[in-house]
Amino acid sequence: GIIGGFLSVSLLLTQGALYLQLKVKDILQEKLHRTIIYLNFITTILLIISGSYALLKLKLYLPLKFSYDGPSNPLFKEITGLGFYNVYMQKPLLWFFPLAMMVVSVSISWLVKLHNKITAFIMHSILIAIVIAAFGVNLFPIIIPSSIDPVYSLMVWDASSSERTLLIMLIAVLLLLPIVLLYTSWMYKVFATAIGPKDIKEDMY
């Protein structure tokens, strides 16, 4: 919902600010330093709010009856809803995700205050990965929950492609991925040097 949207924006803004801090120096870096601390604080609060809301209010959809080797039809299944908290109590390993989010989020603020910019950026990248992984693990095997009826929810098997389609996608990835990696590496090399106000003034003339 809205909280999830704000959380996504906050995560991306913080990630962008952390990366930008690696690319600037002097007063620009100091300004970003304060901004990152504020943004990460907002992110931590939004994580707590969204996590608490999910545990207390939301339900996870679990398949009761489904033919995994049958025809791909979203209506050929039975699904029930179970509260987040109940699922987490039945599967204690799931508590890893909210606990890891809190630990990593707090450590980011600590690293930023210590001016450990690279580690802070890496840790925030890990935080984003944990949030995405938590979303996927909690929903699995559901991809898109239905707000009308749980049985209309889209599962992994409902959205699966044919073998020929997957083969074409694999070939496309094998051909195009090296080009993307080369271009991305070149781009990072070009913008590798940090800049400050003095560099900007010199380039103006």
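User: What share of the 205 residues of the chain counts as buried?

Analyst: A residue is called buried at under 20% relative accessible area, exposed at over 50%, and partly exposed in between (1.4 Å probe, protein chains only). Here 29% of the 205 residues count as buried. The model is predicted: local features need pLDDT of at least 70, side-chain atom pairs count only at pLDDT 80 or more, and totals for chains, interfaces and linings use all residues. Residues are numbered from 1 along each chain as its sequence is written, and side-chain values use heavy atoms, with hydrogens and water left out.

User: Why does T43 count as buried?

Analyst: T43 counts as buried because its relative accessibility is 0%. The residue lies in helix α2. Contact means heavy atoms within 4.5 Å. Leaving aside neighbours within four places in sequence, T43 is in contact with L7, S10, L11 and T14.

User: How many helices and strands does the chain have?

Analyst: Both are DSSP runs numbered from the N terminus: helices are H or I with at least four residues, strands E with at least two. This chain has 7 helices and 4 strands, in the order α-α-β-β-α-α-α-β-β-α-α along the sequence.

User: Which residues have the most contacts inside the largest nonpolar core?

Analyst: A nonpolar core is a set of buried Ala, Val, Leu, Ile, Met, Phe, Trp, Tyr and Cys residues joined through side-chain atoms within 4.5 Å. The largest one has 29 residues, and M101 and L127 have the most contacts inside it. Two or more residues come from each of α1, α2, α3, α4 and α5, with the largest share, 7 residues, from α4.

User: What is the volume of the largest pocket?

Analyst: Rolling a probe the size of a water molecule over the atoms shows where empty space is left. On a 1 Å grid over the protein atoms alone, a pocket is an open set of points where a 1.4 Å probe fits, with protein on both sides within 12 Å along at least five of seven lines; lining residues have an atom within 4 Å of a point. Points are joined across faces, edges and corners, and the volume is the space filled by probe spheres set on them. The largest pocket has a volume of about 1,200 Å³. Of its 38 lining residues, S50, A54, L58, F84 and F135 are the closest to its centre.

User: Which element supplies the largest share of that lining?

Analyst: Helix α2 does, with 8 residues.
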